[in-house]
Amino acid sequence: MANLTWSKNGEWGMDGVDLAALPPKLYGALYKLHELEHDRESLLEQLAKMMSVDQWELQDKLERSAGPWHPVEELPEMCVVEGMPYVGSRRLLLYTDREDVLLGYCEMVADHPVWYTYPPRVDRITHWMEIPKPLVPKMDTGEEEG
């Protein structure tokens, strides 16, 4: 499935939608969708930098092997959102039966896990991996915290 939003030359939008005419909450939701659809490359860049490897090498590793991946039978840690009937995971990297790596998450629906991807796809999810937390530089020391 193609992205619902587009991005070029620092601008973004959605075909047939006047973003300036949208209520603030709807605009914010569309912007979040845009970020999710267009941040795969920047996520790979960040992961490659954190792992001290070339971005293309990381992409190759993600596509060729299950490495630190968990099978979908092992569920990720779930979060409960207070005041809402929602139980789901944080954002994850998801590996599909078509050997694609996508961003996504898992949500418990009627006590069964349901896997969602960004952008939405119908591929079968076979493995998942938590997105590593970025290193945070310590103030003025040149060291990094894990």
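How many salt bridges does a search of the whole structure find? The search finds three, counting a salt bridge as a side-chain nitrogen of Lys or Arg within 4 Å of a carboxyl oxygen of Asp or Glu.

Before you click, a quick note: this is a predicted model, where local features need pLDDT of at least 70, side-chain atom pairs count only at pLDDT 80 or more, and totals for chains, interfaces and linings use all residues. Residues are numbered from 1 along each chain as its sequence is written, and side-chain values use heavy atoms, with hydrogens and water left out.

**Stop one.** Select Asp123 and Arg98: their side chains meet in a salt bridge, 3.5 Å from N to O. Asp123 sits in the loop between β8 (112-118) and β9 (125-130), while Arg98 is in the loop between β6 (92-96) and β7 (101-109), 25 residues apart. Strands here are DSSP runs (E, at least two residues), numbered from the N terminus.

Are these two buried or exposed? Asp123 is buried, at 11% relative accessible area, whereas Arg98 is exposed, at 59%. Buried means under 20%, exposed over 50%, and partly exposed in between, using a 1.4 Å probe and protein chains only.

**Stop two.** Now pick Arg121 and Asp100, whose closest N and O atoms are 2.3 Å apart in a salt bridge. Arg121 lies in the loop between β8 and β9 and Asp100 in the loop between β6 and β7, so this pair ties together parts 21 residues apart in sequence. Arg121 is partly exposed at 27%, and Asp100 is partly exposed at 24%.

**Stop three.** Show Arg98, Asp100, Arg121 and Asp123 together, and you have one network joined by salt bridges that share partners.

Methods. Helices (H or I, at least four residues) and strands (E, at least two) are DSSP runs, numbered from the N terminus.
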